[in-house]
Each structure stands twice: as C-alpha cells, then as structure tokens.
Amino acid sequence: MKILVINGPNLNFLGIREKKIYGTQDYQYLLDLIDKKAKETGDEIQTFQSNHEGAIIDRIQEAYFDGTTGIVINPGAYTHYSYAIRDALASVDIPKVEVHISDITSREEFRKISVTAPVCNKQIYGQGLDGYLQAIDFLREI
C-alpha cells in the first residue's frame, strides 16, 4: 500500500504544546513511529504536515494522482470548521481515516464537532499516537 499521513496545524509542536493533553513525545517521535510501522508492514508511508489550509488541500489533491491508496489525516483545528478540507477529502475516492490524539468527545464543545469525519471511512480519537498506527492497520484491512 501507499499511505499518506497528513498532519494539520500545530502537530509539529507535539511535545511542546499542552503536554497534559497531547503528551511529551515530539513530532519526530511520531514520524519515527510511522516509519517503523512502514518497515514492519512493507508499505510506503509518506508523511506531510502543514499549518496552512491550502497546502493540506493541495496535498490531498496530489494524492489522487500519485497512487496513494489510503489517507490518515489529523486536520487539527481545521477538523471543526474547514469545509474546504472536507470537500477535498470528499473529492478523492481513496479510503480515509481521521485521527485525533486526544479524546475530542470529552473536551470543549467545539472540539466535539468534526466537519471532516463524515467524509472519512473511520474516526479514531483518544488513543494517543497509537491512533495513527490503528488507522494504518484499518486502511490495510479494508
């Protein structure tokens, strides 16, 4: 499989921001975790992170043309209001999993709303960084 993992705003600040919510492991740790998974499964797993909505949309659209067979996306705060990212996800016929490190259902009211989850095949939340591995496993199974 060729899997694309997309991380939205502030995910590059893992280990720096709100450690009680997102943990102490940094973004490089997450990248290493994903790389290890790729080596274990033999899949090609690419990662992409941007704090810019348009760049995320561009990368989703590129996935349509580059042979990507599955997308894992943590849209960060864009989860709650980016209809543009939602529409980009809806426009590509590629299996998709939305991931959130924290349990968004037990946080602020606005975090309980995802405009992107309805166009994904699955949503995983509250599993920490392991949620990314669960998402990859899900994509490999379907």
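Me: Where is serine 114, and what makes it buried in this model?
Reply: In this predicted model, serine 114 sits in the loop between β4 and β5. Its relative accessibility is 16%. Buried means under 20%, so serine 114 counts as buried.

Me: What makes the link between serine 114 and glutamate 98 a polar contact?
Reply: The two side chains are joined at 3.0 Å. The cut-off for a pair of N or O atoms is within 3.5 Å. The pair therefore falls inside the limit.

Me: Which backbone atom does the side chain of serine 114 lie close enough to for a polar contact?
Reply: The backbone nitrogen of alanine 117, 2.9 Å from a polar atom of that side chain. Leaving aside neighbours within four places in sequence, serine 114 is in contact with Thr79, Glu98 and Gln123.

Me: Why is histidine 100 called buried?
Reply: Its relative accessibility is 5%. The limit is under 20%, so histidine 100 qualifies. Beyond four places in sequence, its contacts are Asn74, Pro75, Thr79, Gln123, Ile124, Tyr125, Gly126 and Gln127.

Me: Which residues does UniProt list for "active site"?
Reply: Tyr22 and His100, in an unreviewed entry. They are spread over 79 residues of sequence, yet they cluster in space, with a largest C-alpha distance of 9.6 Å. The lining of the largest pocket takes in both Tyr22 and His100.

Me: Is tyrosine 22 buried or exposed, and how do you know?
Reply: Buried: its relative accessible area is 12%, and the cut-off is under 20%. Tyrosine 22 is found in helix α1, residues 19-22. Outside four places in sequence, it is in contact with Leu14, Arg17, Ile101, Ser102, Arg107 and Arg111.

Me: What makes serine 50 buried?
Reply: Its relative accessibility of 7% falls under 20%, so serine 50 counts as buried. Serine 50 lies in the loop between β2 and α3. Its side chain reaches the backbone nitrogen of histidine 52 at 3.0 Å. Not counting residues up to four places away, serine 50 touches Asn7, Gly8, Pro9, Ala55 and Ile56.

Me: What makes β3 mostly covered?
Reply: Five of its five residues are buried. Gly70, Val72 and Asn74 point one way, Ile71 and Ile73 the other. In a regular strand the side chains alternate between the two faces of the sheet.

Me: How do you know that β3 pairs with β1 and β4?
Reply: At least two bridges are needed for a pair. β1 and β3 have five, in the parallel sense. Three join β3 to β4, and these strands also run parallel. Both therefore pass the threshold. Asparagine 7 has asparagine 74 of β3 as its bridge partner. Isoleucine 73 is partnered by glutamate 98 in β4.

Me: How do you know that the span of α5 agrees with its number of residues?
Reply: Helix α5 covers residues 130-141, 12 residues. At 1.5 Å a residue it should span 16 Å; its end C-alpha atoms are 17 Å apart, so the two agree.

Me: Which residues of α5 are buried, and what do they pack against?
Reply: Gly131, Tyr132, Leu133, Ala135, Ile136, Phe138 and Leu139 are buried. The buried residues of α5 pack against α2 and the strands β1, β2, β3, β4 and β5.

Terms used:
Residues numbered from 1 in each chain as written. Predicted model: local features only at pLDDT ≥ 70, side-chain atom pairs only at ≥ 80, totals over all residues. Heavy atoms only, no water. Helix = DSSP H or I, 4+ residues; strand = E, 2+ residues; numbered from the N terminus. Expected span 1.5 Å × (residues − 1). Buried < 20%, exposed > 50% of the residue type's maximum accessible area, 1.4 Å probe, protein only. Contact = heavy atoms within 4.5 Å. UniProt positions renumbered as here; feature names shortened; annotations may be inferred. 1 Å grid on protein atoms, 1.4 Å probe; cavity = no way out; pocket = protein on both sides within 12 Å on 5 of 7 lines; lining within 4 Å. Polar contact = N/O pair within 3.5 Å; in protein donor to acceptor, adjacent residues only side chain to side chain.
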